[in-house]
Every structure is written in C-alpha cells, then in structure tokens.
Amino acid sequence: MQLLKDKILTDGRLLDGYVLKVDNFLNHQLDVGLLDAMGAEFARRFAGVQVDKILTVEASGIAVAVMAARHFGNVPVVFAKKTESLTLDKDAYESDVYSFTKQKTYRVRVSRRYLSAGEKVLIVDDFLANGHAACGLIDIVRQAGAEVAGVGIVIEKGFQSGRALIEEAGVSRVESLAILKSIAEGKIEFA
Ligand code: G4P
Ligand code: NA
Ligand code: NA
C-alpha cells in the first residue's frame with residue numbers, strides 16, 4: 001500500500017537497528033485518515049472472504065481493527081485482553097504468547113461470550129514480527145470452534161519468521177499492507 005509505505009518513510013524512525021517506531025501515526029498518535037484507507041485496503045484484499053467478526057489484541061491493534069470493521073459492513077470488533085493475572089477465568093478462552101521484543105510470556109484472553117462456534121473471524125494487528133501474537137489469536141478462535149478467515153497486518157517484518165509460523169498453523173491467507181524486507185543500517189527497504 002503506497003500511502004502507508006510513504007508514511008513509514010517520512011515518519012518512521014528506526015531504533016536499535018531492528019525496531020521501527022511508528023508512534024506518529026500508528027502506535028501512539030493515530031492518523032485516522034490513513035487508518036481509514038488501511039481499512040479500505042483490507043476490505044479490498046479480503047473481498048469475497050466471509051468475515052463475521054474482527055479479532056485483534058490490545059492496545060495498538062484496536063484502532064486498526066475498528067477502522068477496518070467500518071469497511072466490512074460494521075462487523076463487531078473483539079480485542080483480546082492482556083493480563084498479568086495467572087488466575088484462570090472459566091469464562092474465557094486463553095492463550096499464552098511469548099514476546100520476543102519484551103522477552104516474556106503474557107496471556108491473552110477473550111470472553112466466551114464474544115466468540116462463537118462457526119463464526120468466520122478475521123484477525124488483524126499492527127505488526128507481524130515473530131507471529132506469536134497472531135498465533136495466540138488463531139488458537140483462541142479455534143478454541144471457540146470458530147474459523148480464521150485470514151490475518152490482516154499493517155506492517156510485516158518480512159525478515160522475521162511470523163508469516164511462516166502463521167502458515168504452519170494452517171492459515172494461508174495473510175495480507176500485509178507493507179512488508180519490510182530490511183531495516184538494517186538505518187535504511188528501510190520494502191519487499
Ligand atoms: P510477535 O507477536 O509477532 O511474535 O512479536 P514480538 O513479540 O516481537 O512483538 C511484541 C510487540 O512488539 C507487539 O506489540 C508488536 O506489535 C510489537 N513490535 C514488534 N516489532 C515491532 C517494531 O519493529 N516496531 C513496533 N512499533 N512494534 C513492534 P505489543 O507490545 O504486544 O502491543 P501493543 O500494546 O503495542 O499493541
Ligand atoms: Na500489536
Ligand atoms: Na505494538
């Protein structure tokens with residue numbers, strides 16, 4: 001998506017060689033016009049795919065999911081909650097996610113009320129790096145007896161293994177609006 005790539009080049013900042021900071025439009029301040037265009041682009045790419053609900057994970061995925069939902073006929077958006085608590089909640093589907101960036105495991109949970117068997121669920125998120133967050137959401141969708149319609153990502157770090165992990169989980173439909181081929185030596189290259 002050219003508009004997004006241009007924005008990454010003008011407003012993205014590289015940290016420590018492998019982290020792309022996009023706080024100016026995606027992770028802190030939000031560019032609503034751009035988010036809306038991203039939503040339209042997801043709808044275009046998933047045209048013909050049945051989507052009953054969009055699932056993401058708090059916090060940064062929420063804005064992406066909400067704006068996308070506007071372009072999928074205002075389907076409901078559900079966001080998985082992250083919790084420090086290890087207390088098992090019988091009313092929730094849960095999955096453990098290892099964050100490579102943060103070097104720790106956290107748990108994501110979705111109430112059983114908001115995912116139902118047979119639903120076709122589109123998973124969206126802001127970043128795809130190692131794919132653990134996306135796979136946690138795939139796990140939760142399947143626990144509910146629902147079906148993953150696809151995975152929509154704003155920025156994929158194509159030099160990390162996230163896409164392969166999602167495909168290994170049996171989801172073939174992965175659409176990323178911008179794929180980074182390399183962010184080495186302070187230079188951003190797209191795939
Ligand atoms: P994974 O889920 O793909 O395995 O990724 P990883 O553990 O590496 O990433 C953990 C968090 O860092 C995620 O956000 C992910 O979106 C984000 N992230 C990964 N690489 C980058 C990057 O280069 N730039 C930015 N800006 N973010 C990146 P989070 O902390 O779990 O969530 P949130 O509260 O921001 O939504
Ligand atoms: Na995220
Ligand atoms: Na993030």
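This is a predicted model: local features need pLDDT of at least 70, side-chain atom pairs count only at pLDDT 80 or more; totals for chains, interfaces and linings use all residues.

The entries below go from the sheet to the ligand shell, then to the annotated positions and the backbone.

**Entry 1**

I found an open sheet of eight strands with mixed pairing, and its order reads S5-S6-S4-S3-S7-S8-S9-S10. At the edges I noted S5 and S10, each of which pairs on one side only. As background for the pairing entries, I wrote down that strands of a sheet pair through backbone hydrogen bonds, in either the parallel or the antiparallel sense.

**Entry 2: strand S3**

I next asked which strands S3 pairs with, and in which sense. On S7 I found parallel pairing over three bridges, while the pairing with S4, residues 77–83, is also parallel and runs over four bridges. For individual partners, I recorded that Lys-53 is bridged to Val-121 of S7 and that Leu-55 is bridged to Ile-123, again in S7. Towards S4, the partner I noted for Thr-56 is Phe-79.

**Entry 3: the shell of ligand 1**

I turned to ligand 1 and counted 21 residues around it, the closest being Ser-60, Phe-127, Asn-130, His-132 and Ala-133. I asked which elements supply at least two residues of this shell; among them I noted strand S2 (19–21), strand S7 (120–128) and helix H5 (132–143). By class, I recorded nine nonpolar, nine polar and three charged residues in the shell.

**Entry 4: positions annotated in UniProt**

I looked up the record and found that an unreviewed UniProt entry places the feature "binding site" at Leu-20, Asn-27 and Lys-157. I took these positions one by one and kept the annotation apart from what I computed on the model.

Leu-20 is found in strand S2. I noted Leu-20 as partly exposed because 19 other C-beta atoms lie within 10 Å, and the cut-off for buried is 20 or more. Apart from neighbours within four places in sequence, Leu-20 is in contact with Gly-12, Leu-14, Ile-155, Leu-180 and Ile-183.

Asn-27 is in helix H2, which covers residues 23–27. Asn-27 has 15 C-beta neighbours inside 10 Å and therefore counts as partly exposed. Not counting residues up to four places away in sequence, I found that Asn-27 touches Val-22, Ser-60 and Asp-126. I also looked up one distance, and the C-alpha atoms of Asn-27 and Ala-178 are separated by 15 Å although the two residues are 151 residues apart along the chain.

Lys-157 lies in strand S8, residues 147–157. For Lys-157 I recorded 23 C-beta neighbours inside 10 Å, so this residue counts as buried. With residues up to four places away in sequence left out, Lys-157 touches Leu-128, Ala-129 and Leu-180.

**Entry 5: backbone geometry**

I finished with the backbone and asked where a cis peptide bond occurs. One joins Glu-58 and Ala-59, with omega at about 5°. I placed Ala-59 in the loop between strand S3 (53–57) and helix H4 (61–69).

I also looked for positive phi values in residues other than glycine, and noted Gln-103 with phi near 55° and Glu-185 with phi near 50°. Gln-103 is in the loop between strand S5 (92–99) and strand S6 (104–111), whereas Glu-185 lies in the loop between strand S9 (174–182) and strand S10 (189–190). Gln-103 counts as exposed because it has 7 C-beta neighbours inside 10 Å, and Glu-185 counts as exposed because it has 7 C-beta neighbours inside 10 Å.

Methods. Residues are numbered from 1 along each chain as its sequence is written. Chains are lettered from A and ligands numbered from 1 in the order in which they are written. A residue is buried if 20 or more other C-beta atoms lie within 10 Å of its own, exposed if 12 or fewer, and partly exposed in between; C-beta atoms are placed from the backbone. Two residues are in contact if their C-beta atoms, placed from the backbone, lie within 7 Å. A residue is near a molecule or strand if its C-beta atom, placed from the backbone, lies within 6 Å of it. Ala, Val, Leu, Ile, Met, Phe, Trp, Tyr, Cys and Pro count as nonpolar, Asp, Glu, Lys and Arg as charged, and the others, Gly among them, as polar. UniProt positions are given in the numbering used here, feature names are shortened, and annotations may be inferred rather than shown by experiment. Two strands pair if DSSP finds at least two bridges between them.
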